[in-house]
Amino acid sequence: MSKGPRPVLSVEEAQAHILSTVRVLDAERVALLEGADRILAQAVTADRDIPPLTNSAMDGFALRGEDIAAGERKFRVVGEVAAGHQASVEVGPGEAVRIMTGAPVPPGADTIVRFERTRSENDSVVVLDPPSVGSNVRQAGEDVCAGQEVLRPGQLLRPQEVGMLAAVGQLQVSVIRRPRVAILGTGDEVVAPDQMPGPSQIRDANSYAVAAQVRRYGGLPMLLGVAHDEEEVVRQGMRQALERGADLLITSGGVSVGDFDLIKQVMDAEGQMHFWSLNMKPGRPMAFGEVGGIPLLGLPGNPVAAMISTRLYARPALLKMQGHQDWSERTIKARLAEPIGRKDGRRHYLRVYLRETESGPEATLTGDQGSGILNSLVQADGLAVIPEDARHLPAGSDVQVILLE
Ligand code: AMP
Ligand code: MG
């Protein structure tokens with residue numbers, strides 16, 4: 001199927017196909033902080049009320065609201081209670097206790113007057129501005145009640161959820177595990193960056209760029225090095241990926257129609273190839289299939305194309321594998337600083353830098369848009385998405401931009 005007529009898929013068709021192929025991974029128990037930014041795989045209930053006791057929301061004096069209501073303004077100070085300590089003194093009629101924020105409200109008291117609204121007089125305090133009954137008191141369990149379900153499976157553990165887990169004493173959490181992603185470069189001309197390239201050789205930029213992207217999308221990259229353009233060597237790389245327990249294999253290079261573009265042949269022979277041509281630029285050749293029971297994403301060799309394809313296809317796949325339900329891209333709208341003409345009917349992803357203007361963000365192309373010009377990405381703040389049917393966009397046209405944060 002690798003030769004002959006090839007189905008050309010739209011970006012969305014390819015994304016949908018890849019997403020329908022990958023599965024949510026199983027869960028693992030990790031230390032709480034390791035669970036940050038991951039998807040919770042368990043329900044969490046509170047073991048106790050938070051706050052555990054009725055306590056003061058202010059530094060001030062605890063007293064009886066009914067005394068204030070009855071017109072009493074001067075109170076005898078009979079004790080003090082700080083946060084983390086027990087309130088031992090009982091507050092009787094005409095009495096007040098100095099109390100700090102977070103300290104338990106002593107028995108008898110139900111109202112707190114802040115320091116700023118009082119004046120001290122010897123061993124008494126005068127209330128200058130009487131509060132209403134019950135002021136500045138936080139009720140036991142007003143945040144969370146014992147037994148309450150505070151988090152559900154499927155929730156993303158943002159910093160606030162991590163805080164909640166700490167508050168209920170869950171220092172180990174069950175989260176969806178991170179995908180192990182084997183990354184294999186290909187090409188006789190490509191050498192590992194720690195080696196001195198010969199005159200006709202280049203260093204392997206893709207494996208590192210893609211590994212950094214994989215890490216950013218929550219995966220665990222495993223660099224397998226660079227395979228020569230020989231079927232057996234590429235096969236070996238695939239076997240190594242499986243031996244190392246990869247959940248996904250990403251290769252770069254060797255997917256176009258050159259004489260030594262072997263990924264498709266090996267995929268066909270060893271597994272199944274689903275498609276390899278997309279209606280986009282850069283990144284028209286991209287093979288997707290399965291080998292040894294895991295998905296294989298065969299990226300184009302040109303670094304810009306490889307990285308844009310990783311963003312468009314590996315990112316949603318990795319997010320789904322980790323249990324996320326939303327992998328939509330947040331784009332911003334920007335105005336083109338220059339006209340753009342594209343006549344090939346493909347979706348273009350143009351590298352742009354953004355400048356804030358009075359009328360909003362403005363997008364300017366970062367020079368040469370060739371798919372081998374890594375510098376066009378280094379200079380870029382975003383990818384302007386030019387729709388398939390946009391033949392000519394005058395300067396000032398609105399475009400959607402995927403941010404390269
Ligand atoms: P290919 O699809 O294998 O023909 O590769 C397309 C272009 O990308 C060629 O110019 C390759 O030299 C280049 N290329 C392939 N792999 C890498 C890599 N890992 N790092 C940098 N450039 C690469
Ligand atoms: Mg090659």
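Colleague: What should I know about the model and its numbering before I start?

Modeller: It is a predicted model, where local features need pLDDT of at least 70, side-chain atom pairs count only at pLDDT 80 or more, and totals for chains, interfaces and linings use all residues. Residues are numbered from 1 along each chain as its sequence is written, chains are lettered from A and ligands numbered from 1 in the order in which they are written, and side-chain values use heavy atoms, with hydrogens and water left out.

Colleague: Happy with that. What is the volume of the largest pocket?

Modeller: The general idea first: on a 1 Å grid over the protein atoms alone, a pocket is an open set of points where a 1.4 Å probe fits, with protein on both sides within 12 Å along at least five of seven lines; lining residues have an atom within 4 Å of a point. Grid points are joined across faces, edges and corners, and the volume is the space filled by probe spheres set on the points. Here the largest pocket comes to about 570 Å³.

Colleague: Which residues lie nearest its centre, and which helix gives the most to the lining?

Modeller: Arg216, Tyr217, Arg315, Leu319 and His324 lie nearest the centre, out of 21 lining residues. Helices are DSSP runs of H or I with at least four residues, strands are runs of E with at least two, and both are numbered from the N terminus. Helix H4 (206–216) and helix H7 (303–321) each supply at least two lining residues, and H7 gives the most, with 3.

Colleague: How does that lining divide by class?

Modeller: Ala, Val, Leu, Ile, Met, Phe, Trp, Tyr, Cys and Pro count as nonpolar, Asp, Glu, Lys and Arg as charged, and the others, Gly among them, as polar. The lining of the largest pocket has 11 charged, 5 polar and 5 nonpolar residues.

Colleague: Which pocket does ligand 1 take up?

Modeller: A molecule sits in a pocket if more than half of its atoms lie within 2 Å of the grid points. Ligand 1 takes the space of the second largest pocket, whose volume is about 460 Å³. That pocket is lined by 27 residues, with Glu189, Asn206, Gly253, Gly301 and Asn302 closest to its centre. Its lining has 10 nonpolar, 12 polar and 5 charged residues.

Colleague: Lastly, where are the cis peptide bonds?

Modeller: One joins Ile50 and Pro51, with omega about -10°; Pro51 lies in the loop between strand S2 (44–45) and strand S3 (55–56). Another runs from Lys281 to Pro282, with omega near 0°.
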